[in-house]
Amino acid sequence: MEDSLEKKGLLYEGKAKRLFATKDELLLIQEFKDDLVIDHGKRKTKFKGKGNINCEFSAFMFEYLENYHIPTHFQKKFKKNSMIVKRVEMIPIEVAVRNFAAGAMLRRYNLEDGQKLEYPVIEHLLKDDSLSDPLVNDYHCFAFGLATPDEMRAINRLASKVNAILRSFFQRRGLVLIDLKMEFGKRESQIMLADEISPDVMRIRDAKSGKKFGGDRFRYEMGGVAESYEELAERTLK
Ligand SMILES: Nc1ncnc2c1ncn2[C@@H]1O[C@H](COP(=O)(O)OP(=O)(O)OP(=O)(O)O)[C@@H](O)[C@H]1O
Ligand SMILES: [Mg+2]
């Protein structure tokens with residue numbers, strides 16, 4: 001039945017993906033673009049094949065996580081660069097889990113790049129590029145009506161579970177999961193992992209050499225951005 005799904009109208013075009021309606025109002029098509037955008041839309045590049053890698057990567061991760069009983073919006077792969085997902089009501093916060101200090105955290109707390117955190121840190125950021133996604137805590141989320149205490153508990157439990165699963169997954173491949181950013185949605189009061197789980201939303205380094213992959217290579221102008229996405233896919237998706 002789903003094979004006969006067709007793209008209907010464009011519902012949303014974001015920085016890295018497009019969402020299309022289908023004739024089934026419970027399902028959407030999520031298409032991954034070749035654009036790589038960082039710093040809340042301020043810096044942008046693109047390379048051919050990036051959308052495909054992120055789509056394959058996300059599909060693989062969602063299926064992997066489902067095996068560990070993480071509810072996700074993933075339904076199945078669709079045509080190139082696209083997947084069918086369940087339509088959910090998005091909770092407009094980004095949930096970051098950090099295992100090692102990196103990025104914005106370094107300046108904020110004066111930490112060293114790659115410094116081990118004794119316990120994973122969960123951060124919540126309000127999804128608003130015009131404010132550069134400010135940090136919020138659970139109480140802001142309740143006060144702004146973004147999520148209830150029960151929903152925040154479910155989100156935080158799922159976020160730390162996903163982090164633990166993926167950290168071991170990458171460790172077995174000689175890679176270190178520095179941090180990861182997730183978005184959650186709800187459908188019929190069930191909280192599920194939505195959006196994407198791709199190199200765009202994870203910081204990964206080689207365990208031995210410390211080599212950086214993905215968006216960080218663009219952020220720090222290190223070159224080899226496309227190659228690093230390919231290498232990560234090569235070392236991961238099998
Ligand atoms: N299953 C889903 N149902 C409805 N919306 C979804 C679903 N999965 C992801 N989304 C939303 O679709 C959009 C994906 O586009 P993209 O990630 O490119 O946006 P973005 O430019 O990062 O902007 P945003 O700040 O809105 O995430 C996001 O807004 C995300 O929250
Ligand atoms: Mg996004």
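Student: By class, which residues make up the lining of the second largest pocket?

Tutor: This is a predicted model, in which local features need pLDDT of at least 70, side-chain atom pairs count only at pLDDT 80 or more, and totals for linings use all residues. Residues are numbered from 1 along each chain, ligands are numbered from 1 in the order written, and side-chain values use heavy atoms without hydrogens or water. Rolling a probe the size of a water molecule over the atoms shows where empty space is left. A pocket is an open set of points on a 1 Å grid where a 1.4 Å probe fits, with protein on both sides within 12 Å along at least five of seven lines; lining residues have an atom within 4 Å of a point. Here the lining has eight nonpolar, two polar and three charged residues.

Student: Which element gives the largest share of that lining?

Tutor: β9 does, with five residues. The space amounts to about 160 Å³, and N99, F100, R167, Q171 and V176 are the closest to its centre among 13 lining residues.

Student: Which residues are closest to ligand 1?

Tutor: A residue is near a molecule if one of its heavy atoms lies within 4 Å of it. Ligand 1 is surrounded by 18 residues, the closest being Y12, K15, K17, K127 and E183.

Student: How far is the polar side-chain atom of H73 from a nitrogen atom of ligand 1?

Tutor: A polar contact is a pair of N or O atoms within 3.5 Å. For H73 the distance is 2.8 Å, while a polar side-chain atom of K17 lies 2.6 Å from a ligand 1 oxygen.

Methods. Polar contact = N/O pair within 3.5 Å; in protein donor to acceptor, adjacent residues only side chain to side chain. Points joined across faces, edges and corners; volume = space filled by probe spheres on them. Helix = DSSP H or I, 4+ residues; strand = E, 2+ residues; numbered from the N terminus. Nonpolar A, V, L, I, M, F, W, Y, C, P; charged D, E, K, R; others polar.
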